Amino acid sequence: KNSGKTVEKELVTCSLQGKEKTALQTSQIFQNLGGKDLETKVVVVLGKAGMGKSILVQKICQDWSNGEFSQFEFVFWFDCEQMSLPEKRYSLKDLLLDFFVKPQEGSKEIFEYILQNPAKVLLAFDGFEGLHDHENFPRCSAVQPEQDLCSIKELLSGLIQKKLLNGCTLLLTARPKDKVFQCVSKVDKTVEIVGFSPQQRELYITKYFEGLPCCGSALKLIKESEYLFSHCYSPVMCRFVCFLCETVLETGDQSLPSTLTTVFLKFVQQKIIPVQAGVTAVQNQESLAALARTAWSLGEKHQNAVKRDLLPSKEVKEFALKCGFVLPFAFLVHSDGGEEEFGSTFSDFVVQNFLGALHLTLAEDIKDKSITKYLPFSSKKKKTYNWLDLVPRFLAGLLFLQDDPYFCSLSNKGVNQTTKKQKTFLKYVRRLQINELCPERLLELLHCIYETQSNYLLQHVSLRLKPDLSFLDVILTPPDVHVLHSVLKRSKKEFSLDLRNSSIDVRGLKHLVALKNVTSFRASLGDTVRLWKSLEQAKDYELLRVSTEKFVLDPFKAKTMKDVSDLSDLVELQEKMSSCVEDASGCSSYEIPALQNLRKLEFALGPVCGLQGFLKLVEILAAFPSLRHLDLDALSENGIGDEGAKSLSGVFPTLTSLEVLNLSQNKITDVGAEKLATALPSLSSLKTLSLYNNSICDFGAENLAKVLPAMASLRVLDVQYNKITGVGAQQLTDSLRKCPHIKNLLMWNTTIPYGVLEHLQQLDSRISL
């Protein structure tokens with residue numbers, strides 16, 4: 001019905017090495033892949049289930065058919081979940097020209113052309129996790145692509161290992177936690193689908209209801225249910241919420257369910273009602289129970305598709321098809337005779353997860369004491385494979401619905417078993433060491449507790465959270481933020497949040513920061529700047545003031561050019577706020593406390609961007625009046641050289657609080673040392689100066705020796721591993737006699753004869769070998 005009402009999702013190119021993330025269009029996916037022209041290129045598209053990976057692959061195919069991606073003359077698309085069912089063995093020719101599409105004529109010539117022009121071929125394997133044991137991929141033994149027969153997995157292995165069709169382009173879609181990177185030695189580009197922004201959610205909902213009588217009230221109703229609206233960041237969840245909203249409005253109701261569990265309970269109800277004619281309630285209950293058992297058993301095997309004869313019965317199959325819980329598909333069995341076999345696949349991963357949880361709740365053979373092994377909170381247990389991510393949430397929600405009339409109607413059994421399982425769940429949560437859970441498990445617990453809507457459990461968890469909550473490098477989705485917010489606001493404790501690299505959106509960050517019991521927070525600078533700019537545009541000056549006071553920056557480590565740019569934006573924003581910030585007392589100057597209180601700043605951009613980034617950083621160093629420790633000693637070496645040293649020396653007079661300056665391993669020569677030496681006495685608080693492992697010679701040592709007596713605060717000087725000879729060492733030693741305040745001079749250099757250095761140490765014990 002709404003297949004044409006799609007919204008293109010934002011794609012993000014990401015790197016496992018932690019490089020910057022950038023948004024890109026679909027047309028850019030295959031650009032700048034690098035590598036050798038004749039080698040196979042691998043592009044991996046990551047995204048949680050329901051994010052639209054399959055839709056993206058379909059769009060690429062559609063765009064190609066309309067003339068885009070002209071570098072490819074052939075595009076082949078394979079659904080891995082369905083391909084994993086047949087046990088037939090294929091040659092590469094069978095895979096391309098029989099399994100995917102069978103040309104009416106000229107198959108041999110077409111295949112020969114493909115073999116001779118692999119760079120013009122795109123192979124898209126959608127749902128890589130559908131080959132569920134691909135972490136143990138077999139090696140491909142095929143030598144003759146037209147004749148040698150292999151399993152689907154062996155053929156895909158041969159393509160990845162560049163034994164077959166080397167030079168083609170492979171597009172693999174997978175879930176973020178999948179083991180795809182263990183199977184592919186080199187990935188040329190990784191793209192992640194991150195879902196809808198709040199504006200895109202509204203656009204999708206508006207288009208879904210376009211032309212319907214309830215169009216005006218639907219968006220308002222969904223947005224009022226903040227939890228459900230947060231789930232609409234996922235395209236598939238957005239579709240379910242819209243379907244339910246449409247159903248609710250048609251019945252004249254004005255409220256939506258409050259949890260995902262009740263949403264899908266309502267969804268199942270709506271799907272079963274039309275097929276009840278001529279079928280008893282008991283028959284429906286039995287069919288649903290059998291289908292739920294199948295959903296769970298398949299999920300445990302990381303599958304969602306079955307052959308026709310593997311469904312429990314004809315009645316169950318008809319029930320599942322009529323309700324739309326499963327969809328049929330066909331696959332080729334024998335290419336010669338064109339024989340096909342039919343299978344079924346669950347219409348959606350959420351439906352399969354819900355039915356799996358329903359099975360765990362209602363099945364009498366699953367005892368109450370064993371229910372906890374399906375809850376992924378214990379650190380001793382491995383987390384459930386991400387095929388079943390939503391099962392614990394639905395399970396927790398269903399266990400607290402035993403009094404719901406419709407839930408009771410799904411089973412002809414009594415509620416005693418469910419009540420026992422609920423008590424087991426309660427006891428399990430009460431015994432959990434909640435303050436010791438890692439961030440991922442804590443978020444999963446919060447989701448499960450939220451689904452129960454138990455005030456007791458929500459309060460229990462809120463009181464046992466530790467005050468310092470770190471979600472560093474943990475992706476926080478809008479639903480994650482919502483459940484975290486709902487629990488935090490119940491607690492009487494004060495909290496400090498670390499939200500750096502969490503990809504939290506501005507809306508979520510605003511809600512968390514606004515909580516009175518969140519007294520401080522850390523977040524990525526880009527996220528923080530976006531929040532403050534949005535508050536400024538909305539003229540919410542009170543929250544702007546409060547959030548700046550809560551923001552913590554110290555210590556800060558710049559690892560990318562974006563970090564430096566974001567820090568520069570923060571300084572620029574302060575200047576703008578200082579000129580005029582409107583608050584309760586009117587217009588007054590204002591300074592961001594985090595900038596004023598920054599004490600330690602590490603710079604680690606590496607040799608490629610080191611100098612460029614450092615020159616930009618130097619421009620804003622004066623904005624940090626409390627800076628005590630400036631560290632440029634990165635493991636990969638920043639290489640700021642003499643130009644960087646000269647630029648830095650120009651701002652020394654503004655760094656009145658600086659106590660530690662580490663310029664180790666930065667390719668500074670005598671030229672840079674001379675510039676530094678001239679300005680060093682202006683660092684009135686400097687205690688430690690490290691110039692370890694640079695290229696400073698005797699001339700540089702001489703300049704440093706001249707200014708040492710004027711550096712009254714200096715206690716430690718490190719000039720080890722430079723190119724200083726005995727001459728420069730003697731000059732430093734002579735200067736040291738005039739510097740009683742210096743405690744230690746580290747001066748070991750390979751260019752200083754050992755006997756000379758030993759003699760100098762005997763003259764002054766403060767010299768270290």
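Predicted model: local features only at pLDDT ≥ 70, side-chain atom pairs only at ≥ 80, totals over all residues.
Strands E21 (residues 716–718) and E22 (residues 744–746) pair in the parallel sense, joined over three bridges. One of the paired positions is Val716, whose bridge partner in E22 is Asn744.

E21 and E22 belong to an open sheet of eight strands with parallel pairing, in the order E14-E17-E18-E19-E20-E21-E22-E23. At the edges of this sheet lie strand E14 (556–558) and strand E23 (767–768), each of which pairs on one side only. In general, strands of a sheet pair through backbone hydrogen bonds, and the pairing is either parallel or antiparallel.

The chain as a whole gives the setting for this sheet. The protein chain holds 31 helices and 23 strands. Of its 769 residues, 54% are buried. Its accessible surface comes to about 34,000 Å², and carbon and sulfur atoms account for 50% of that area. Among contacts between residues at least 6 apart in sequence, 75% join residues at least 24 apart.

Another part of the chain to look at is strand E6 (residues 169–174), where six of six residues are buried. Strand E3 (residues 41–46) runs parallel to E6 and is joined to it by six bridges. Within that pairing, Lys41 has Thr169 of E6 as its bridge partner. Strand E5 (residues 121–126) is also parallel to E6, with four bridges between them.

Which residues of E6 are buried on each side? In a regular strand, side chains alternate between the two faces of the sheet. On one side of E6 the buried residues are Thr169, Leu171 and Thr173.

Two packed helices are described by the angle between their axes and the distance between the axes. For helix H10 (residues 235–250) and helix H14 (residues 349–362), the angle is about 75° and the axes are 10 Å apart. Angles of 65 to 115 degrees count as roughly perpendicular, so H10 and H14 are roughly perpendicular to each other. Where the two helices meet, Val236, Met237 and Phe240 in H10 face Phe349, Val350 and Val351 in H14. By class, this contact of H10 with H14 has six nonpolar residues, no polar residues and no charged residues.

Key. Residues numbered from 1 in each chain as written. Heavy atoms only, no water. Buried < 20%, exposed > 50% of the residue type's maximum accessible area, 1.4 Å probe, protein only. Contact = heavy atoms within 4.5 Å. Areas by Shrake-Rupley, 256 points an atom, 1.4 Å probe, with all protein chains shown as cover. Pairing = 2+ DSSP bridges. Axes fitted to C-alpha atoms, helices over the stretch in contact; angles between N-to-C directions. Parallel < 35°, antiparallel > 145°, perpendicular 65-115°, else oblique. Nonpolar A, V, L, I, M, F, W, Y, C, P; charged D, E, K, R; others polar.
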